[in-house]
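Visitor: I have the sequence and the model open. Could we go through it together, one topic at a time?

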Amino acid sequence: MTALLNNPGVRDAVTARDAERLQGVWNFVTGRRKVQLFINGDHFTAKFNNVDVYVGMFQSDPAKKPKLMDMTVTEGPDRHKGRVARCIYALDGDHLVWCSDEPGADARPRAFPPTDSQEFLCDVFRREKALRAP
């Protein structure tokens, strides 16, 4: 499988498929900080329960294990503007597990810690179901 992911065409297809799966509204299930995550194209908005809102762009690399995501904050608290949060993530059906260091930190989680870990922000989300017209 790793050899296949070295093929640019296969890698692009895997990246596009994962990007499509990330689209939508993700509601907090459990973790260290309550947050709602919105993903549209390569843009994100993260609304934290304490009213902090982060907006920006992201890039992902689903070919890595664990999957990688870099989120560049373009709007939000001044101390994080222009900084990159280095993250890992996993998708399982309608669930997203997402783990990040603070924007601007050089570290990236290498594996998913317990959700109550104080080292990294790690949250589990459930995809919000779209309402269907009657």
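Visitor: How far is the sulfur of C99 from the closest cysteine sulfur?
Guide: The closest cysteine sulfur to that of C99 is in C122, at 3.9 Å, which is too far for a bond. A disulfide is a pair of cysteine sulfur atoms within 2.5 Å.

Visitor: Before we go on, what kind of model is this?
Guide: It is a predicted model, in which local features need pLDDT of at least 70 and side-chain atom pairs count only at pLDDT 80 or more, while totals for chains, interfaces and linings use all residues. Residues are numbered from 1 along each chain as its sequence is written, and side-chain values use heavy atoms, with hydrogens and water left out.

Visitor: Back to sulfur, then. What about C87?
Guide: The closest cysteine sulfur to that of C87 belongs to C99, and at 8.1 Å the two are too far apart for a bond. The structure holds 0 disulfides.

Visitor: Is C99 buried or exposed?
Guide: C99 is buried, because its relative accessible area is 0%. Buried means under 20% relative accessible area, exposed means over 50%, and partly exposed lies in between (1.4 Å probe, protein chains only). C87 is also buried, with a relative accessible area of 0%.

Visitor: Which residue stands opposite C99?
Guide: I88 stands opposite C99, which is in β7. Strand β6 (residues 84–92) and β7 run antiparallel and are joined by 6 bridges. Strands here are DSSP runs (E, at least two residues), numbered from the N terminus, as are helices (H or I, at least four); two strands pair if DSSP finds at least two bridges between them.

Visitor: What lies between β6 and β7?
Guide: The two strands form a hairpin with 2 residues between them, and G93 in the turn has a positive phi of about 60°. Most residues other than glycine have a negative phi, and most peptide bonds are trans.

Visitor: Where is there a cis peptide bond?
Guide: A cis peptide bond joins K65 and P66, with omega about -5°. P66 belongs to the loop between β4 (53–61) and β5 (67–75).

Visitor: How does β8 pair with β7?
Guide: They pair in the antiparallel sense over 6 bridges. H95 has R126 as its bridge partner in β8, and V97 stands opposite V124 in that strand.

Visitor: And how many bridges pair β1 with β8?
Guide: β1 (residues 24–31) and β8 pair over 5 bridges, in the antiparallel sense. In this case T30 stands opposite V124. As for cover, 6 of the 7 residues of β8 are buried.

Visitor: New topic: how many aromatic pairs are there?
Guide: A search of the whole structure finds 2 aromatic pairs. F48 and Y54 form an edge-to-face pair, 5.5 Å centre to centre with 75° between the planes. Rings of Phe, Tyr and Trp (its six-membered ring) pair if their centres lie within 6.5 Å; planes under 30 degrees apart count as stacked, over 60 as edge-to-face and the rest as tilted.

Visitor: Why does F48 count as buried?
Guide: F48 counts as buried because its relative accessibility is 9%. Y54 counts as buried at 7%.

Visitor: What do W98 and F125 form?
Guide: They form an edge-to-face aromatic pair, 6.3 Å centre to centre with 65° between the planes. This pair links distant parts of the chain, with W98 in β7 (residues 95–100) and F125 in β8 (residues 121–127), 27 residues apart. Both W98 and F125 are buried.

Visitor: How many residues has the largest nonpolar core?
Guide: It has 21 residues, and those with the most contacts inside it are L22, L37, M69, M71, L96 and W98. A nonpolar core is a set of buried Ala, Val, Leu, Ile, Met, Phe, Trp, Tyr and Cys residues joined through side-chain atoms within 4.5 Å. The largest share of this core, 4 residues, comes from β6.

Visitor: Last one: where does F112 lie?
Guide: F112 lies in the loop between β7 and β8, and it counts as partly exposed because its relative accessibility is 33%. F112 and C99 are 13 residues apart in sequence, and their C-alpha atoms are 6.8 Å apart in space. Leaving out residues up to four places away in sequence, F112 touches several residues, among them P66, I88, C99 and C122; contact means heavy atoms within 4.5 Å.
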